[in-house]
Amino acid sequence: MKDTGAGLPDTQRTWAWLSGYRAAWLPHDIVAGVTLAAYAIPVSLAYAALAGLPPQVGIYGYLLGGIGYALLGSSRQLAVGPTSAISLMIAGTVGAMADGDMQRYAQIGSLAAFTVAFLCFIAWLLRLSVIALLISDSILVGFKIGAGLTIAMTQLPGLFGVPGGGHNFFERVVVLASQLGQTQVLVFAIGAAALLLLLLGERWLPGRPVALVVVALAIVSATLLGLPAKGVPITGNIPSGLPDFSWPQLRLRDVEGIFALAAGCLLLAYVEGVSAGRTFAAKHGYDLDMRQEFLGIGTANLATAFGQGYPVAGGLSQSAVNDKAGARTPLALIFASIALALCLLYLTDLLENLPKAALSAVVLTAILGLFDFRALAHMWRVSRLDFYAASIALVAVLLLGILHGILLAAFACVALLLMRVSRPHVAFLGRIPGTEIYSDMDRHPDNESPKGALIVRVESSLIYVNAAFVLDSIRARLQASSSSDVKLLICDLSASPFIDLAGSRMLHDLHADLAHHGVALRIVGARSYVRDFLRADGLGEKVGVIDRTTTLHDVIAEMERQSVSNWRQSIC
């Protein structure tokens, strides 16, 4: 997928789908929009409750976020709205900031969306699409599992009709276990029935608005059976009408920690949105503009902030609904917003008797896609390092919560990258018998070791984080060899595309060490940038010519000719 650089201006690229719009796509986009709205109504109500905000705020996120993303986003199938992880991040962070004031709580949520938009536009200006690489796929697997478990533990008390409690996953488990004896049977029956219907619907009617049907059945049952009078918790009154548009009532300096919260939301929104967007771009054969996604996410959050909503993002589950329903372009999001607007204007009274246990069931089924244990098992078999990194992210979320978990996951990803870069594979080469090809002797012990020479190939760039490790590896190999046997060390830099001053200084130090023991150093296979760098740093004056034509075999052949010549001279 590309990052914006040259070519058409961003706005032209963004609206390219509109200029080439076909009339035949319109029915598909209308159906997809209505289907997405049907999916969004129960999910947005549930996520708003998860975030600790009034239920209509979740619908505002889908309504306004979809319009904002359709204006400047580059994905044609990505659906934008509240997500489970960001909702939980808001719930776990904003409470302490608001100090029990629910009005301030909602205002901070809106300010967080505005701050996410601000950071998105800064990231777009600075071309920071590289932040998508801060969270590797492996760490994202662990983070999602941790987020799913944490979210599940916030919803299970509602399913059992108990208050729950606790500050992290493990505390919530202990508290829930101690409250199971207080389970309200009627509430649990409603939640369990809704959960069963949702699971069956996912199994037999994938891509259909099953959640909307289950929510409708729950409302009808609660109304006919008088469940609110029997103590079953319901959503209550949902104000009708469209959101009021205004600037956030709080300023950035009024809320300590708002930038950290917004940065966590942005990191999660961008990584998750780009990941989902790539999936559908590859499926439908177009490019996802990773830089442009900052504008899409930023505009979506700006629109949501003006409508008193909280941060939104593109998610895989809602995007899959949009795609399966036949969405061809972002116009499907506009139709979904129109359908949601009509719902807010005319249908909110019908949602008043919705049991909260049914919303808990909706959340529990919506997060099932977060549990990719198969990928975790694959890491255990193939790469233990990736498995450990994913485990760190998983445990961090369970112990520290979503915000600190995602930040620690980003740190772990950088640390993992540094660990890998700082300890590159240093191969010592030998000739494959009967050929002029050289390969790693540790992997192929039957290779022929050239007499009087040691050949080393560093299989990474030579930079400050790994220069000392490479030098120590070469010194250890030289010490393991008989010093009288090695007269020439050949450094093959064909696998080193980049070098910095620390890497060049390491080669100078290596040359000094070798010269002290009467061993020559030659450089072969260096690429153009590396050759120019080493010449500029004066290494060519010490080791001889550094060019693009001399091969490893040439240096070995020259050494063998000199050995024969010296032998003949000794006989004479």
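Predicted model: local features only at pLDDT ≥ 70, side-chain atom pairs only at ≥ 80, totals over all residues.
How many aromatic pairs does the count come to? The count comes to 11 aromatic pairs, where rings of Phe, Tyr and Trp (its six-membered ring) are paired if their centres lie within 6.5 Å, with planes under 30 degrees apart called stacked, over 60 edge-to-face and the rest tilted.

## Basis of the description

Residues are numbered from 1 along each chain as its sequence is written, and side-chain values use heavy atoms, with hydrogens and water left out.

## Aromatic pairs

Tyr270 and Phe294 are stacked, because their ring centres are 4.2 Å apart and their planes are at 0°. Tyr270 belongs to helix α11 (residues 258-284) and Phe294 to helix α12 (residues 292-306), so this pair ties together parts that are 24 residues apart in sequence; helices here are DSSP runs of H or I with at least four residues, strands are runs of E with at least two, and both are numbered from the N terminus. Tyr270 is buried at 0% relative accessibility, and Phe294 is likewise buried, with a relative accessible area of 0%, where buried means under 20% relative accessible area, exposed over 50% and partly exposed in between (1.4 Å probe, protein chains only).

Phe387 and Tyr388 form an edge-to-face pair, with 5.9 Å from centre to centre and 70° between the planes. Phe387 is buried, with a relative accessible area of 17%, whereas Tyr388 counts as partly exposed at 45% relative accessibility. Phe114, Trp247 and Phe306 form one aromatic cluster.

## Buried helix positions

Met89 lies in helix α5 (residues 84-98) and is buried, with a relative accessible area of 1%. Leaving aside neighbours within four places in sequence, Met89 is in contact (heavy atoms within 4.5 Å) with Leu261, Gly264, Cys265, Leu268, Ile402, Leu403 and Ile406. The C-alpha atoms of Met89 and Ala147, which are 58 residues apart along the chain, are separated by 9.5 Å.

Ser110, found in helix α6 (residues 102-125), is also buried, with a relative accessible area of 1%. When residues up to four places away in sequence are not counted, Ser110 touches Pro248, Ala305, Gln308 and Gly309.

## Strands and their pairing

Strand β3 (residues 426-431) is mostly covered, with 6 of its 6 residues buried. In a regular strand the side chains alternate between the two faces of the sheet. In β3, Val426, Phe428 and Gly430 lie on one side and Ala427, Leu429 and Arg431 on the other, and all are buried. β3 pairs with strand β5 (residues 453-458) in the antiparallel sense over 4 bridges, pairing being assigned if DSSP finds at least two bridges between two strands; Ala427 has Arg457 of β5 as its bridge partner. β3 is also joined by 3 bridges to strand β4 (residues 438-440), again in an antiparallel arrangement, and the bridge partner of Arg431 in β4 is Tyr438. β3 and β4 form a hairpin with 6 residues between them, and Gly434 in the turn has a positive phi of about 80°.

Strand β6 (residues 488-492) is mostly covered as well, with 5 of its 5 residues buried: Leu488, Ile490 and Asp492 point one way, Leu489 and Cys491 point the other way, and all are buried. β5 and β6 run parallel and are joined by 5 bridges, with Arg457 standing opposite Asp492 in β6. β6 is joined by 5 bridges to strand β7 (residues 520-524), these strands also running parallel, and the bridge partner of Ile490 in β7 is Arg522.

## Nonpolar surface patch

Phe170, Ile392, Val395, Leu399, Leu400, Leu408 and Phe411 form a nonpolar patch on the surface, with about 640 Å² of accessible area together. The elements that give two or more residues to the nonpolar patch are α17 (384-400) and α18 (402-422), and α17 gives the most, with 4 residues. Leu400 is found in helix α17 and counts as partly exposed at 49% relative accessibility.

Patches are made of residues with over 30% relative accessible area and no salt bridge, with like charges joined within 9 Å and nonpolar side chains (Val, Leu, Ile, Met, Phe, Trp, Tyr) within 5 Å. A salt bridge is a side-chain nitrogen of Lys or Arg within 4 Å of a carboxyl oxygen of Asp or Glu, and accessible areas come from the Shrake-Rupley method with a 1.4 Å probe, for which only the protein chains shown count as cover for residues.
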